[in-house]
Amino acid sequence: MENTKTEKKPTKKNLKKVKKEKSNKSLKITIGIIIIVVLIVSTFSLLLLPWKNVYMQVGKNRITYDELNYHVYLASTSLNAQLPNLNSTDPKELAVSRNVLKLAYVNLISNAILYNKALEDNISVSEEEVNSYIENLKNKVAQDYNDKNLGLDVFLDSIGVQKDALKEIVQKMLIAQK
């Protein structure tokens, strides 16, 4: 007896099946790649998201842009000067702006160092102290604007501070001052 191999001729049904298997395999690979890319992107975004609004870090204290802007405002009031205008062509105005910014940076970094030390010493402030400071700020701002609540919103907008960040800024500042 002779051993003969019987070769199967590809039928239409078999070709469709092979094509479908290849298509499914390609689809699975594509879905796998998409899942890996999504995981990588989400991992990086989770790592970078807490740093989105951070201007700098001093020790464990992350200083936000809102905090920086508030300290610029405090420095300008302390020097009885306008908020910095770096687009000015007037040398005197630029000099005043530089002085305001220097004072703001010095105060900001000093407060950050004092805040870190205060946290090590377990110093805290009460909610009442924070609310009292904000209420005094509202009253001060209300003198410039005729509406106590609207005045604070407009004021914070004008100095580049988000309203929801104010409480944390004040809390950190009061802790640093203790």
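## Secondary structure

The protein chain of this predicted model contains six helices and two strands, where helices (H or I, at least four residues) and strands (E, at least two) are DSSP runs numbered from the N terminus. Read from the N terminus on, the order of the elements is α-β-β-α-α-α-α-α.

Residues are numbered from 1 along each chain as its sequence is written. Because the model is predicted, local features need pLDDT of at least 70 and side-chain atom pairs count only at pLDDT 80 or more, while totals for chains, interfaces and linings use all residues; side-chain values use heavy atoms, with hydrogens and water left out.

## Burial and contacts in the chain

Of the 178 residues in the protein chain, 25% count as buried, a term that means under 20% relative accessible area, whereas exposed means over 50% and partly exposed lies in between (1.4 Å probe, protein chains only). Contact means heavy atoms within 4.5 Å, and among the contacts with a separation of 6 or more, 60% are between residues 24 or more positions apart.

Lys138, which lies in helix α4 (residues 127-144), counts as buried because its relative accessibility is 19%. The C-alpha atoms of Lys138 and Leu152 are separated by 5.7 Å, although these residues are 14 residues apart along the chain.

## How α2 and α3 pack

Two packed helices are described by the angle between their axes and the distance between the axes. For helix α2 (residues 65-78) and helix α3 (residues 91-120), the angle is about 120 degrees and the axes are 8 Å apart. Axes here are lines fitted to C-alpha atoms, for helices over the stretch in contact, and angles run from 0 to 180 degrees between N-to-C directions.

The two helices, α2 and α3, are therefore oblique to each other, since angles under 35 degrees count as roughly parallel, over 145 as roughly antiparallel, 65 to 115 as roughly perpendicular and the rest as oblique. Residues of α2 that meet α3 include Leu68, Val72 and Ala75, and the residues they face in α3 include Leu101, Ala104 and Leu108.

## Two loop residues

Asn80, in the loop between α2 and α3, has a positive phi of about 55 degrees although it is not a glycine, and Asn80 counts as exposed because its relative accessibility is 75%. Asn122, in the loop between α3 and α4, has a positive phi of about 60 degrees, and Asn122 is not a glycine either; at 68% relative accessibility, Asn122 counts as exposed.
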